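These are my notebook entries on one protein model. I set down what I looked up, entry by entry.

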Amino acid sequence: MVKNSWNNVILVCGNHGDDHSHEMILKQGPHSLFYSCPEYKSIFGDDHEGRSCNNRLTLVDYEKMLDALQDAATGNGIEDTDLTGFRYTSKGVDYRVLEHTGGKMKVLMLNRKAIAK
């Protein structure tokens, strides 16, 4: 995994069409932390008004995404390779690099299994 890569990637919810303003946030689940859409409403929480966006990603899958992005840089170093537009799917989750500048990335993700529930 790339050093400081957790600080250099912004994860964006891909369940809102062309609206890429929903940055995923870390939340505490019943067993562990996970990334979720800011419009995610837990069945364990108090806020049940409105529709919930169930797009989410485990930290294990987040780390695997970071590894895949590093592999896509083909050994040139993630800072030296422009991955803008790079797409891939892993275990039912679609990823697309929206922007990659100055070693920082904005990555759109859509967990198809999670939103189907």
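**Entry 1: after the helix**

I began just after H1, where Thr74 adopts a positive phi of about 50°. I took helices (H or I, at least four residues) and strands (E, at least two) as DSSP runs, numbered from the N terminus.

**Entry 2: basis of the entries**

I note that the model is predicted: local features need pLDDT of at least 70, side-chain atom pairs count only at pLDDT 80 or more, and totals for chains, interfaces and linings use all residues. Residues are numbered from 1 along each chain as its sequence is written, and side-chain values use heavy atoms, with hydrogens and water left out.

**Entry 3: overall layout**

I found two helices and seven strands in the protein. Their pattern along the sequence reads β-β-β-β-α-β-β-β-α. Of the 117 residues, 37% count as buried; buried means under 20% relative accessible area, exposed over 50% and partly exposed in between (1.4 Å probe, protein chains only). I then looked up contacts, meaning heavy atoms within 4.5 Å. Among those with a separation of 6 or more, 43% come from residues 24 or more positions apart.

**Entry 4: helix H1**

I recorded 14 residues for H1 and a reach of 20 Å from its first C-alpha to its last, close to the 20 Å expected at 1.5 Å a residue. The expected span is 1.5 Å times one less than the number of residues. Which residues of H1 are buried? They are Asp61, Tyr62, Met65, Leu66, Ala68, Leu69 and Ala72. They cover an arc of only 160° around the axis, so they lie on the same side of H1; the arc is that of the directions from the helix axis to the C-beta atoms. Val60 and Asp71, on the other side of H1, are exposed. I traced the packing of the buried residues of H1 to E1, strand E3 (33-36), strand E4 (56-58), E5, E6 and E7.

**Entry 5: nonpolar core**

I looked up the largest nonpolar core and found 22 residues, with Leu11, Leu57, Tyr62, Met65, Tyr95 and Val107 having the most contacts inside it. Such a core is a set of buried Ala, Val, Leu, Ile, Met, Phe, Trp, Tyr and Cys residues joined through side-chain atoms within 4.5 Å. Strand E1 (9-13), helix H1 (59-72), strand E6 (93-101) and strand E7 (104-111) each give two or more residues to this core. H1 provides the largest share, six residues. Leaving aside residues up to four places away in sequence, Tyr62 touches Trp6, Val9, Leu11, Tyr35 and Leu57.

**Entry 6: strand E1**

Four of the five residues of E1 are buried, so I describe the strand as mostly covered. E1 and E7 run parallel and are joined by five bridges; strands pair if DSSP finds at least two bridges between them. Ile10 has Lys106 in E7 as its bridge partner.

**Entry 7: salt bridges**

How many salt bridges does a search of the whole structure find? I noted two, a salt bridge being a side-chain nitrogen of Lys or Arg within 4 Å of a carboxyl oxygen of Asp or Glu.

In one, Lys91 pairs with Asp61, with the closest N and O atoms 3.6 Å apart. Lys91 lies in the loop between strand E5 (87-90) and E6 and Asp61 in helix H1, so the pair ties together parts 30 residues apart in sequence. Lys91 is exposed, at a relative accessible area of 52%, whereas Asp61 is buried, at 17%.

In the other, the side chains of Asp94 and Arg112 meet at 2.5 Å, N to O. Asp94 lies in strand E6 and Arg112 in helix H2 (residues 112-115), so this pair ties together parts 18 residues apart in sequence. Arg112 is partly exposed, with a relative accessible area of 47%.
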